[in-house]
Amino acid sequence: MSNLDSQKEMDRRKFIKIGGIGTLALTLGAAGLPKDLFTGTAYAELNDDMKLQFNPDGKFKIVQFNDTQDDENIDRRTIQLMEKVLDTEKPDFVVLNGDNITGGCDTPIEMKQAINNVAKPMEQRGIKWAITYGNHDEDSTPKSGLNEEDMLGIYMSYRYNMNTPGVKDITGTGNMNLLIKNSKGTDAAFNLWLLDSGRYAPDTIAGQDFQGYPTWDWLRMNQVSWYYETSKKLEQQWGHKVPSLVFIHIPLWEHRFMWFGSVDGRTDAHHAKALIKHNIVGERNEEECPGPINSGMFSAMLERGDVKGVFCGHDHVNTYMGNYYGILLGYSGSTGFGAYGLTGADRNRLRGARVFNLDENTKDVLVETHMVFAKDYGIDLTANDQSTAPAPIDESKKKK
């Protein structure tokens, strides 16, 4: 995007924000919404009735939305895309896999509106959902005062949200796993790992900075250990390894290794071999952006043998997927029209979501996964900004 286009986008968003303040005040007053809407939100009570279970036909569908990444004045096409995917695919569960919101929210209410924008499509349809965090979710924290833990409380207040406060004493916010019972409710048929891959690397370690290295964050050893030990406990509890998917925002180094079929090679010839070796499909339009440290997560998963796939976002214009030594590694392209995309007129060509089809009657349970795109639904792909004022927040439909 050119500087001029960027300035136009900022001016329009500023206009919407200013113009919407009066309307917002009237809406809140008329609705009689509680005072704590403008303050931090405590964790909602967990809904013990919220369980995930395969359907009577043994099927289960998951949709992954990544990088919705907008403020309270979200691009209308982001919501349109989410709604089209949900209405067409009719998933049983949705993952918002990090960078769900971004900078631009100046107050607590604006952050809650930004969160509400991406929560509503599932809430209105009664679809269960959960989030992970990315590197941009706290971009508004300095002005709004709400950090990831505060935001998690807001997410958890929604009726169909399945997040929990997460595992204590390990790095990150909201690390958790969700079991999906079989159609009879008698066994654990599948498992979902939702991990916080962090934001950015520390300034220094042992007095050394990261100049020349990637400066994103990475899964820390205590998170890897938690996965490993919990995986073993699940096997002991259920008498078998529970096949699973891992959702993280920031990719692993192994994503890049797979694309080139090499650690050091970076040529077209390397990739040509990798295409066949790892059955790679999809596009790679930017370099992977992992952290400077290899977490060891892939090694742990390989040894445990329960993870069938690891799917990330972060790099908006990558949509590829492949089989890396028995584990699918893949991307879901950016869902958010307000985030960066491809260059020029193609900016929004890859806006989309990833769909996962599960079948409890198959060995690995994960049958297949594929991308769906905004272009499939006739959504306007014009490379411009179509920000809209935030939708009202309906407190009456939240958990009590």
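Reader: Okay, which residues of H5 are buried?
Author: The buried residues of H5 are Glu148, Met151, Leu152, Gly153, Ile154, Tyr155 and Met156. Buried means under 20% relative accessible area, exposed means over 50%, and partly exposed is in between, using a 1.4 Å probe and protein chains only. Before we go on, this is a predicted model, where local features need pLDDT of at least 70, side-chain atom pairs count only at pLDDT 80 or more, and totals for chains, interfaces and linings use all residues. Residues are numbered from 1 along each chain as its sequence is written, and side-chain values use heavy atoms, with hydrogens and water left out.

Reader: Got it. And how many of the residues in H5 does that make?
Author: Seven of its nine residues are buried, so helix H5 (residues 148-156) is mostly covered. Helices here are DSSP runs of H or I with at least four residues, strands are E runs with at least two, and both are numbered from the N terminus.

Reader: What do those buried residues pack against?
Author: They pack against H3, strand E4 (128-132) and helix H4 (141-144). Contact means heavy atoms within 4.5 Å.

Reader: At what angle do H3 and H5 pack?
Author: The angle is about 50 degrees, and their axes are 10 Å apart. Axes are lines fitted to C-alpha atoms, for helices over the stretch in contact, and angles run from 0 to 180 degrees between N-to-C directions. H3 and H5 are therefore oblique to each other. The cut-offs are under 35 degrees for roughly parallel, over 145 for roughly antiparallel, 65 to 115 for roughly perpendicular, and oblique for the rest.

Reader: Which residues make that contact?
Author: Met111, Lys112 and Ile115 come from H3, while Met151, Ile154 and Tyr155 come from H5. By class, the contact of H3 with H5 has five nonpolar residues, no polar ones and one charged. Ala, Val, Leu, Ile, Met, Phe, Trp, Tyr, Cys and Pro count as nonpolar, Asp, Glu, Lys and Arg as charged, and the others, Gly among them, as polar.

Reader: What about H2 and H3, how do they cross?
Author: The axes of H2 (residues 76-89) and H3 (residues 108-125) come within 10 Å and cross at roughly 25 degrees. H2 and H3 are therefore roughly parallel to each other. On the H2 side, Ile79, Met82, Glu83, Leu86 and Asp87 meet Asn117, Val118, Pro121, Met122, Gln124 and Arg125 in H3. The residues in this contact of H2 with H3 split into six nonpolar, two polar and three charged.

Reader: Another pair! How do H6 and H9 cross?
Author: The axes of H6 and helix H9 (residues 297-304) come within 9 Å, crossing at roughly 10 degrees. That makes H6 roughly parallel to H9. H6 brings Val224, Tyr227, Tyr228, Ser231, Lys232 and Glu235 to the contact, and H9 brings Met297, Ala300, Met301, Glu303 and Arg304. The residues of the contact of H6 with H9 divide into six nonpolar, one polar and four charged.

Reader: Changing topic. What's the phi of Asp169?
Author: Asp169 has a positive phi of about 65 degrees, although it is not a glycine. Most residues other than glycine have a negative phi. Asp169 is in the loop between H5 and strand E5 (176-181), and at 79% relative accessibility it counts as exposed.

Reader: And is His314 buried or exposed?
Author: At 6% relative accessibility, His314 counts as buried. His314 also has a positive phi, about 75 degrees, though it is not a glycine. Look for His314 in the loop between strand E10 (307-312) and strand E11 (321-324).
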